Amino acid sequence: MSAKASYDNIFKLMKEHHQWFSVSIPLIASENIPSAAVREALTSDFGNRYAEGWPGERVYAGCVYIDQVEMICNELAKKVFRSEFADCRATSGVVANLAVYAAFSHPGDYMLAASIPNGGHISHGKKENFGTAGLVHGLNIEYYPFSREEMTIDVDQTKKKIQEMARDGRSPKLGMFGGSLFLFPHPVKELSDFMHEHGMYINYDGAHVAGLIAGGEFQDPMREGADSMTMSSHKTLWGPQGGIIVSLEKHADAIKKAVFPGNTSCHHLHHVAGKAIALAESLQFGKDYAKQVIKNARTLAEELVKFGFGVLGEKRGYTASHQIAVDVSKFGDGGSIEKDLERANIILNRQLLPGDIKAGRHYMHPSGVRIGVPETTRLGMKEGEMNEIASFIKRVVIDKQDPQLVAKDVADFRKQFQKLHYAFDNTIGAYEYISLLNK
Ligand SMILES: *Cc1c(COP(=O)(O)O)cnc(C)c1O
C-alpha cells in the first residue's frame, strides 16, 4: 500500500469504527463515552506542549494557560473526591499505581492485593505473571483471602494473614484495595485501622468505580482510612484515557515526586484539560448518573437470571456497582460467547471468575463474561432498556439465533440513543465522527 493509500485507509477505518459503535450496544465495564467538550479538549494545542513538573514550578516555559487549567483540574479532583490533595498528571491508571508503589514502598517489600480471578488487576500482579507491581517495582504480592459467597475480601482471614506474615518477617508494606471485577465495596473501613497499626499504607484503586465514588454511591475510601486513591479517568468517570491520584496532604510530596520525575515526563496536557472538564461534569451530574448506573446493572442482572443465566453475587443482589459477572459455562465458554455477541454488535468481554484458575481454565476460555453499563447509561438508557439488552443477549447465547439477525434489531434499538446525557453540552452525536479536514 502506498503512503497515501495507508493514510486514506486510516480515516476510512476510524469512520467505520464510529459507525459501528453507533449501531452497537457497548457493554465493556471499563469503557465510557466522553462528551463533545472532552473530545474538543483533546484536539487543542495543549497536546503539543511540555509542562514537566507542578503548575508554577515548571521545567518549561509556555505554560501560562496550561498551568491554570491544571490547577482547576486538581481543585476539581479534590472537590469531587473530598480529598486533601490531588495530582492529575498520571498518564494512565497503571502509571498512577506505579507512582503509589514508588511513594510508599521499596522493591522487595510485600503488598496485599486481590488475585486476578478474584477481581485484581494486572497492575497489582506478581512478577511471574508479568504484573506491574512485581515486574516493574519488584514488589512481592500476597493475595487477600476472598469470600466467593460475599464476592469481596474476607476481613477476619485477612487479619490472620497479616499477623502470620508479620510473624514470618514478611510484614506487608502496602494494602491495595480495588479491582477490575468489582461488584461490592472492599472492606477498607473494616481493615484500615488494623493495617495502619501493622505499619501498612493503604491505596484504593478506584480505576473502575471512581465515577460511582464521585457520585457518592459506592464507598468512600478517603473517609474509610485509605492513604491514597488511584484511578483511571475514563471508566465510570467521563474523561479521556488517563490517571488521577488523590491522597492525604501528608503524602503529597512523596506522590508528586513519584509522578514526576519518577513516572512521567510529558504528562499529556490535552488529557489534563479533558480530565478537568470530565470532573466538572461529574460534580454537576455525577450523582444522578451513579444512581442510574447501579439501578441499570441490578436490573440487567435480574433479567439475565430470569432467562437462566448464572449471575455471581446472588446473595447480595448481584451487584452494588456498574458491572455484573455472568457465569456462561452452561452455554459455552466466555471466549466464544464474547465472539458470538460481537457479531451481533453486542460488545462485552470474557472474564475469569473466582475458581477458574484452580479449575484449570485459561483466560482465553474462562467460565464467565463481565458486563458493564457505564456507557449505555450515559446514552440515556434506563431499566426498560436493560430488559431489552438482556433479551438480545439471550437470543444469541441461549437461543443460538443468527447473530447477524440480532444485529439488525440491535441497530434499530440503538436509533433512539444517539446523544449522550449528563453533560453541559450535547448537541453533537455521541459517536459522531468529527473531521477537521472535512473528509
Ligand atoms: C483498568 C484498571 C487499571 C488500569 O488503568 P489504565 O488507565 O488502563 O492504565 C488499574 N487498576 C484497575 C483495578 C483497573 O481496572
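1. Basis. In this predicted model, local features need pLDDT of at least 70 and side-chain atom pairs count only at pLDDT 80 or more, while totals for chains, interfaces and linings use all residues. Residues are numbered from 1 along each chain as its sequence is written, and side-chain values use heavy atoms, with hydrogens and water left out.

2. Helices H6 and H7. H6 (residues 155-167) packs against H7 (residues 188-197) at an angle of about 15 degrees, the axes being 10 Å apart. H6 is therefore roughly parallel to H7 (angles under 35 degrees count as such). Axes are lines fitted to C-alpha atoms over the stretch in contact, with angles from 0 to 180 degrees between N-to-C directions. Helices are DSSP runs of H or I with at least four residues, and strands are E runs of at least two, numbered from the N terminus.

3. The H6 and H7 contact. H6 contributes Val155, Thr158, Lys159, Ile162 and Gln163, and H7 contributes Glu190, Leu191, Phe194 and Met195; contact means heavy atoms within 4.5 Å.

4. Cysteines. The structure has zero disulfides, a disulfide being a pair of cysteine sulfur atoms within 2.5 Å. For Cys63, the closest cysteine sulfur is in Cys266 at 9.9 Å, too far for a bond. Cys73 is also in no disulfide, with the sulfur of Cys88 nearest at 3.5 Å. Cys63 is buried at 5% relative accessible area, and Cys73 is buried at 0% (buried is under 20%, exposed over 50%, partly exposed in between, with a 1.4 Å probe and protein chains only).

5. Glu432. This residue lies in the segment after helix H15 (403-414) and is partly exposed, with a relative accessible area of 41%. Its C-alpha atom is 9.0 Å from that of Lys15, although Glu432 and Lys15 are 417 residues apart along the chain. Beyond neighbours within four places in sequence, Glu432 contacts His18 and Arg39.

6. Cis peptide. Phe260 and Pro261 are joined by a cis peptide bond with omega of about 10 degrees. Pro261 is in helix H10 (residues 252-263).

7. Positive phi. Arg82, a residue other than glycine, has phi near 50 degrees; Arg82 sits in the loop between helix H3 (64-81) and strand E2 (85-87) and is partly exposed at 36%. His268, likewise not glycine, has phi near 60 degrees. His268 is in the loop between H10 and helix H11 (269-306), partly exposed at 35%.

Methods:
Parallel < 35°, antiparallel > 145°, perpendicular 65-115°, else oblique.
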